[in-house]
Amino acid sequence: MLPKQEVVAMLLAGGQGSRLGVLTKNLAKPAVPYGGKYRIIDFPLSNCVNSGIEAVGVLTQYQPLELNEHIGNGQPWDLDNMNAGVHVLPPYQRSKKSDWYKGTANAIYQNINFIERYDPDYVVILSGDHIYKMDYSKMVEAHKKNNADCTIASYEVPMEEASRFGILNTNPDGSIYEFDEKPKVPKSNQASMGIYVFTWDKLRKYLEADEANPKSSNDFGKDVLPAMLEAGERMFAYRFEGYWKDVGTIDSLWESNMDLLAPNLPLDLADPDWKIYARSPVMPPHYIAAGASIQNSLISEGCTVYGEVDFSVIFPGVTIAADAVVRDSIVMPGAVVEEGAVVQYAIIGEDVVVGKDCVIGERPEKIENKDEWGVAVVGPNCRLAPGSKVAPKEMIGEGVKA
Amino acid sequence: MKSNNLTGIIFGYVHEDGLRELTAKRMMASVPFGCRYRVIDFTVSNMVNSGMNKIGVITNEKYHSLMNHLGSGKAFGLSRKHEGLSLLPPFGTEESTNTDGKKIEVLDSISRFLHDSKDDYVLLADVDIIANMDYNDILDRHIESGADITAVYRRDRVPAGRSNSIYSIDVNDRIREVRVTRDMNAVANFAMGLYIMKRTLLLELVEDCMSHSAYDFDRDLIQKNVSLLRILGYEYRDTAFILSSVEEYFKANMALTNVEVMRELIFKPNYPIYTKVRDDMPAKYGLGSSVSNCVVADGCVIDGEIENCVVSRSVKIGKGSVVRNCVIMRDTVIGENCRLDNVIVDKNVKITDGKTLIGETSYPVYIGKAKTV
């Protein structure tokens with residue numbers, strides 16, 4: 001038996017993230033690079049450590065190689081503790097009834113034994129595709145104060161967008177009386193962030209019941225939470241204020257990276273009291289040559305820049321040649337942008353080579369029909385032949401494009 | 001992990017006088033270098049990249065910042081169950097052990113460490129060399145040649161400001177004569193402070209020196225034995241900087257703005273230079289900033305103009321400031337509308353708005369750690 005942990009965090013990192021297209025072809029969504037040197041999962045993992053949660057399970061299923069490598073023994077997050085730390089939890093074979101993770105609730109159900117080893121009072125369920133800084137310990141405090149069975153973090157979205165989210169309708173004391181999944185006429189603008197605190201004994205009971213129900217899709221949002229509400233369990237919303245972004249789509253991933261360039265962003269990555277930890281590559285400082293021009297951009301270590309970089313986020317080990325232009329774009333680790341290439345409103349994947357004089361993406365004001373405009377994406381390891389064009393909104397997979 | 005049969009001993013405190021104030025509160029080993037490194041990162045990384053996994057670092061009494069930097073050796077992959085990194089602080093003898101001349105005494109005081117080693121060979125390394133070397137090349141030559149001792153040297157202008165061993169070498173690479181001298185303004189074969197020999201031979205020689213009250217490594221162990229032992233010279237010809245003075249230190253940092261030098265020293269494939277991780281965010285360049293020929297580390301916020309600079313982690317440079325030919329160490333904040341030219345700014349310095357500081361390339365101004373200007 002391991003020493004008791006009051007709180008265990010379970011991070012759902014098994015999703016494919018199909019809306020990110022080529023970026024997640026060989027990579028689980030939580031391992032997608034973000035913000036110049038991070039991967040998405042660095043945010044929830046760092047939040048856990050900064051919130052004092054020392055036992056973290058990461059549930060993996062889809063394309064876990066890079067994610068496993070990234071998490072490793074958890075050392076970058078100080079999660080290589082003696083008696084707790086981070087554990088990667090793929091589905092495994094058992095004496096009877098083995099299966100893949102069928103849904104978010106089933107993934108936790110299959111790891112009841114893992115959770116029980118720590119004998120926790122509370123379990124925090126997190127997802128691996130959100131960018132935010134949050135003190136989970138405050139949410140657990142609120143959960144305790146309300147004597148709640150389940151607490152759901154909520155985020156105020158603009159009313160006109162509320163119909164895209166799962167909306168929580170609450171009483172004045174914060175208790176939830178209704179879930180409204182993507183309502184046509186929303187009654188409130190409190191969206192569920194997909195972050196839950198459960199009292200463990202209660203959750204285990206509902207997970208077991210959910211598993212026994214053959215009609216269930218084994219999903220927290222669709223099955224477990226409605227069942228709890230129907231049974232009259234104490235469920236509360238926990239209002240989160242600050243920066244929060246779901247980066248599950250190309251547009252939101254691009255936007256969220258660009259947000260880092262805005263002044264007065266409520267997501268301070270330099271805050272020494274709430275650092276976001278990452279597995280840092282062993283790279284030298286970056287080099288900016290004479291004749292280069294950099295405006296309002298983030299540049300990481302190991303980069304070599306001869307050209308022009310405007311309003312962009314450049315990851316470690318990127319080379320931008322002379323006369324190349326990168327504007328309003330994200331260039332992921334190890335990519336090379338050769339001479340004369342112009343990259344605008346684009347996401348360039350890891351280790352891509354953008355050949356000479358390539359034109360990737362376009363400014364929105366240059367496109368008449370705005371429906372045709374969008375962020376251009378070049379998938380990891382693509383080698384674009386000199387002079388190639390990638391249209392706005394186009395997505396190029398692996399391989400060579402002439 | 002399989003080791004290459006070579007134990008490393010790093011002298012972390014050698015030749016400190018030349019760097020004046022830079023080593024007032026820290027050892028040579030922990031002097032910041034090249035934006036994100038400490039001087040010792042080069043020697044330790046070279047050893048790790050050469051497959052060595054028993055490394056001892058000899059310190060003097062200013063070892064606090066070095067301990068903090070190296071920790072258990074995790075960042076270098078040296079935090080291991082067997083062998084790994086050992087810090088060897090000054091042994092409490094009646095005399096202090098922080099000067100060059102007493103290397104023998106220090107080696108005697110760590111003889112337990114040397115006895116415990118299972119490796120046949122020992123590499124003794126002065127820390128004040130910035131180079132990216134594979135020590136296996138030297139070990140191979142040493143074994144192949146059957147020499148008793150192999151001493152690495154460089155043929156170049158003799159570094160000013162420190163004591164040097166100058167070698168006369170015959171056609172068979174054997175060192176025939178050793179002169180120990182200061183301030184020799186000429187081109188010659190000077191020692192890089194890297195020696196390979198059998199571990200048992202080192203222990204014997206140290207014991208012999210101790211029994212004769214002879215404590216100077218260069219004079220008593222090398223020079224006196226030059227005709228008794230086969231001491232071979234190994235010339236190192238690749239890029240290297242010897243941090244013998246503040247001017248040389250400045251020059252070596254500035255050399256990193258040359259991409260070729262950067263590639264040879266730090267960005268060499270399969271020979272990475274490791275250092276402590278700091279978890280800073282990427283560097284942020286503001287609107288209206290201007291950068292030309294600079295090496296910059298993570299965490300910096302650059303709103304002013306920088307040219308030919310080496311800028312360490314989390315340095316802030318305010319709007320309207322013009323900073324040229326400067327080495328700026330970590331967490332320093334330069335306010336708005338400042339002008340700096342040929343300045344070495346140590347870490348945690350505050351330069352308030354509107355200040356002008358001008359040095360010369362041959363004599364840079366130095367601003368001490370945590371000062372406010």
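Reader: Hi! Quick one to start: is Arg239(A) buried or exposed?

Author: Arg239(A) counts as exposed, because its relative accessibility is 53%. The cut-offs are under 20% relative accessible area for buried, over 50% for exposed and partly exposed in between, with a 1.4 Å probe and protein chains only. Before we go on, this is a predicted model, where local features need pLDDT of at least 70, side-chain atom pairs count only at pLDDT 80 or more, and totals for chains, interfaces and linings use all residues. Residues are numbered from 1 along each chain as its sequence is written, chains are lettered from A and ligands numbered from 1 in the order in which they are written, and side-chain values use heavy atoms, with hydrogens and water left out.

Reader: Thanks! Which residue forms a salt bridge with Arg239(A)?

Author: That is Glu156(A), with the closest N and O atoms 3.7 Å apart. A salt bridge here is a side-chain nitrogen of Lys or Arg within 4 Å of a carboxyl oxygen of Asp or Glu.

Reader: How many salt bridges over all chains?

Author: The count comes to 45. One of them joins Lys4(A) and Asp121(A), with 3.0 Å between the closest N and O atoms. Lys4(A) lies in the segment before strand 1 (7–12) and Asp121(A) in the loop between helix 4 (112–116) and strand 6 (122–127) of chain A, so this pair ties together parts that are 117 residues apart in sequence. Lys4(A) is partly exposed at 46% relative accessibility, and Asp121(A) is partly exposed at 33%.

Reader: Which residues of chain B are linked in a network of salt bridges?

Author: Arg278(B), Asp280(B), Arg330(B) and Asp331(B) are linked that way. Within it, Arg278(B) and Asp280(B) come to 3.2 Å at their closest N and O atoms. Asp280(B) is buried, with a relative accessible area of 8%.

Reader: Changing topic: how many residues are in contact between chain B and chain A?

Author: 35 residues of chain B are in contact with 38 residues of chain A, contact meaning heavy atoms within 4.5 Å. About 2,900 Å² is buried between the two chains, and carbon and sulfur atoms give 54% of that. Buried area is the accessible area (1.4 Å probe) that two parts lose on being put together, summed over both.

Reader: What about salt bridges across that interface?

Author: The rule finds 3 between chain B and chain A. One of the salt bridges pairs Arg36(B) with Glu301(A), their closest N and O atoms being 3.0 Å apart.

Reader: Nice. What are the domains of chain B?

Author: The domain assignment gives domain 1 (6–265) and domain 2 (284–367); such bounds come from an automatic or database domain assignment. Taken over C-alpha atoms, the centres of domain 1 and domain 2 of chain B are 32 Å apart. The contact takes 18 residues from domain 1 of chain B and 26 residues from domain 2 of chain B.

Reader: How much area do those domains bury between them?

Author: About 1,700 Å², with 67% of it on carbon and sulfur atoms. On the side of domain 1 of chain B, Cys35(B), Phe250(B) and Thr257(B) lose the most area to domain 2, together 37% of what that side buries. There is 1 salt bridge across this interface. As for salt bridges in chain B, the side chains of Arg26(B) and Asp346(B) meet in one at 2.7 Å, N to O.

Reader: Last topic: why is helix 8 of chain A largely enclosed?

Author: Because 7 of the 10 residues of helix 8 (residues 250–259) of chain A are buried, it is largely enclosed by the rest of the structure. The buried residues include Ile250(A), Leu253(A), Trp254(A) and Met258(A).

Reader: And Lys145(A), buried or exposed?

Author: Lys145(A) counts as exposed, at 77% relative accessibility. Lys145(A) is found in helix 5 of chain A.

Methods
Helix = DSSP H or I, 4+ residues; strand = E, 2+ residues; numbered from the N terminus.
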